[in-house]
Amino acid sequence: MKTMKIGLIGCGNISDIYLRNLSTFPGLQVEACADLIPARAVEKAAQYRIPRTCSTEELLQDSEIEMVVNLTLPRTHAAVAREILLAGKHVYNEKPLALTRQEGQELLELAAVKNLRIGCAPDTVLGAGIQTARALIDEGLIGTPLSAAASMQCHGHEHWHPAPDFYYEPGGGPLFDMGPYYLSALVTLLGPAAAVTAMAAKGFDTRIIGSAPRKGETIQVTTPTHLAGVIQFESGVLCNTTMSFDVWKSTQPHLEIHGTRGSLLIGDPNTFDAAVSLFRAEAQDWTALPLRQGYSSHMRGLGVADMAQAVRSGNNHRCSGTIAFHVLDIMHAFLDSSHKKSEQPLSSRCERPTPAVDLFSSRQMES
Ligand SMILES: NC(=O)c1ccc[n+]([C@@H]2O[C@H](COP(=O)([O-])OP(=O)(O)OC[C@H]3O[C@@H](n4cnc5c(N)ncnc54)[C@H](O)[C@@H]3O)[C@@H](O)[C@H]2O)c1
């Protein structure tokens with residue numbers, strides 16, 4: 001078994017969970033980490049026993065590093081990923097894949113030309129919650145899916161994130177920040193989308209940072225913070241979609257899928273252990289179901305490990321650039337629909353990833 005050495009660029013808030021988890025997978029080793037602010041990389045390296053820190057340029061020149069995890073900000077995801085691919089390394093981006101469709105498309109094309117893998121968060125779709133829901137749908141427990149609803153409504157992230165600016169600029173907002181969890185889950189459960197329609201709004205022009213070190217500072221909101229849309233899936237399923245950073249509290253469920261024989265209620269797709277309940281026409285009541293398989297703890301990094309294993313085995317990786325691009329296309333189509341006041345057909349498509357049954361259950365990566 002040849003260990004895959006990994007580099008990590010962007011040692012901010014979310015890097016902790018990746019650094020904690022990645023080394024728990026057999027055959028993976030985080031070799032180096034880098035950040036525009038070198039002190040951050042030094043701090044994380046010490047905390048998680050990463051052999052070395054360096055500049056991004058040095059990391060990309062290291063011929064031992066085969067794959068790089070890109071945890072920079074949405075506005076730099078594409079540029080950093082492009083450099084990683086040009087350096088001849090596989091890349092796994094945090095979400096969203098890129099800011100624009102053109103950037104995303106160019107990344108997919110570059111990866112294909114260089115025969116390299118491109119993957120993208122979220123990997124919560126590989127968790128026990130979404131995978132259990134998928135198995136139930138595939139086994140026909142709710143019959144043929146007819147309609148769905150997705151709701152992510154909260155008041156944003158400026159009260160806790162130390163540098164929340166990116167959540168309120170293009171590439172952020174509830175749609176681009178939280179949308180990938182819901183849309184990737186829907187694509188996993190229902191397959192690709194065909195068209196969307198939506199209206200978007202901005203409830204507040206400014207936000208006030210609530211946590212140190214910039215507590216009290218005002219930031220401008222330059223992207224929509226409330227979206228009400230409908231997705232039409234290729235299968236014909238229609239999904240009401242609400243994404244908002246303008247809501248103090250909502251009681252709407254995160255995800256519901258309604259079929260010819262019953263309904264599924266699914267918890268937060270930004271977790272690995274989303275609760276799943278089933279309503280069957282004959283039972284006339286909800287039943288909470290045990291999660292069947294997969295990781296139910298916070299295993300962010302699972303998608304990276306799956307991609308590394310796929311590189312070694314030659315299989316497809318599940319959290320693919322193709323799915324992330326389709327999700328990016330859906331998000332842009334929502335905003336286009338709002339601007340143009342018309343339904344937007346999607347030009348991208350993707351296949352549903354293979355189920356993540358027994359992923360790493362053997363705790364061995366194929367060589
Ligand atoms: N914070 C969370 O809870 C969370 C959860 C899931 C996903 N994410 C995603 O993870 C990504 C990072 O979010 P975060 O919260 O860690 O942000 P952050 O601001 O805390 O960290 C980003 C880090 O990237 C570094 N950076 C930026 N551009 C760089 C470049 N060109 N080269 C090298 N380093 C660069 C910054 O210096 C910073 O240390 C975002 O895409 C976000 O959507 C964050």
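Leu346 touches Ala193, Ala194, Ala195, Asp329, Ile330 and Ala333, leaving out residues up to four places away in sequence; two residues are in contact if their C-beta atoms, placed from the backbone, lie within 7 Å. The structure is a predicted model, in which local features need pLDDT of at least 70, side-chain atom pairs count only at pLDDT 80 or more, and totals for chains, interfaces and linings use all residues. Residues are numbered from 1 along each chain as its sequence is written. Leu346 sits in the segment after strand 17 (344-345), where helices (H or I, at least four residues) and strands (E, at least two) are DSSP runs numbered from the N terminus. With 18 other C-beta atoms within 10 Å, Leu346 is partly exposed; a residue is buried if 20 or more other C-beta atoms lie within 10 Å of its own, exposed if 12 or fewer, and partly exposed in between, with C-beta atoms placed from the backbone. From Leu346 to Asp35 the C-alpha to C-alpha distance is 36 Å, and 311 residues separate the two in sequence.

Turning to confidence, pLDDT is the predictor's confidence in each residue, from 0 to 100. The chain has a mean pLDDT of 95, and 98% of its residues reach 70 or more. Over residues 362-367, pLDDT stays under 50, and the model has 14 contacts beyond four places in sequence for this stretch. Where pLDDT is low, the predicted coordinates should not be read in detail.

The chain is divided into domain 1 (4-124 + 299-319) and domain 2 (128-289), with bounds that come from an automatic or database domain assignment. The centres of the two domains, taken over C-alpha atoms, are 26 Å apart. Ten residues from domain 1 and 14 residues from domain 2 take part in the contact. On the side of domain 1 that touches domain 2, six residues are nonpolar, two polar and two charged; here Ala, Val, Leu, Ile, Met, Phe, Trp, Tyr, Cys and Pro count as nonpolar, Asp, Glu, Lys and Arg as charged, and the others, Gly among them, as polar.

A nonpolar core is a set of buried Ala, Val, Leu, Ile, Met, Phe, Trp, Tyr and Cys residues joined through C-beta atoms within 7 Å. The largest one has 100 residues, and those with the most contacts inside it are Ile6, Leu8, Cys33, Tyr182, Leu186, Ile330 and Phe334. Helix 10 (residues 321-340) gives the most to this core, ten residues. Both domain 1 and domain 2 supply at least three residues each to this core. Beyond four places in sequence, the contacts of Leu8 are Ser15, Tyr18, Leu19, Val30, Cys33, Val69 and Leu71.

Helix 6 (residues 128-138) is largely enclosed by the rest of the structure, because eight of its eleven residues are buried. These are Ala128, Gly129, Ile130, Gln131, Thr132, Ala133, Arg134 and Leu136. They pack against helix 8 (179-190), strand 14 (262-266), strand 15 (276-280) and strand 16 (286-289). Strand 16 holds Trp286, which is partly exposed, with 14 other C-beta atoms within 10 Å. Leaving aside neighbours within four places in sequence, Trp286 is in contact with Leu265, Ser277 and Phe279.

As for the ligand, 22 residues surround it, the closest being Gly10, Gly12, Asn13, Ile14 and Glu94; a residue is near a molecule if its C-beta atom, placed from the backbone, lies within 6 Å of it. Helix 4 (residues 74-86) provides the largest share of this shell, three residues. By class, the shell has eleven nonpolar, six polar and five charged residues.
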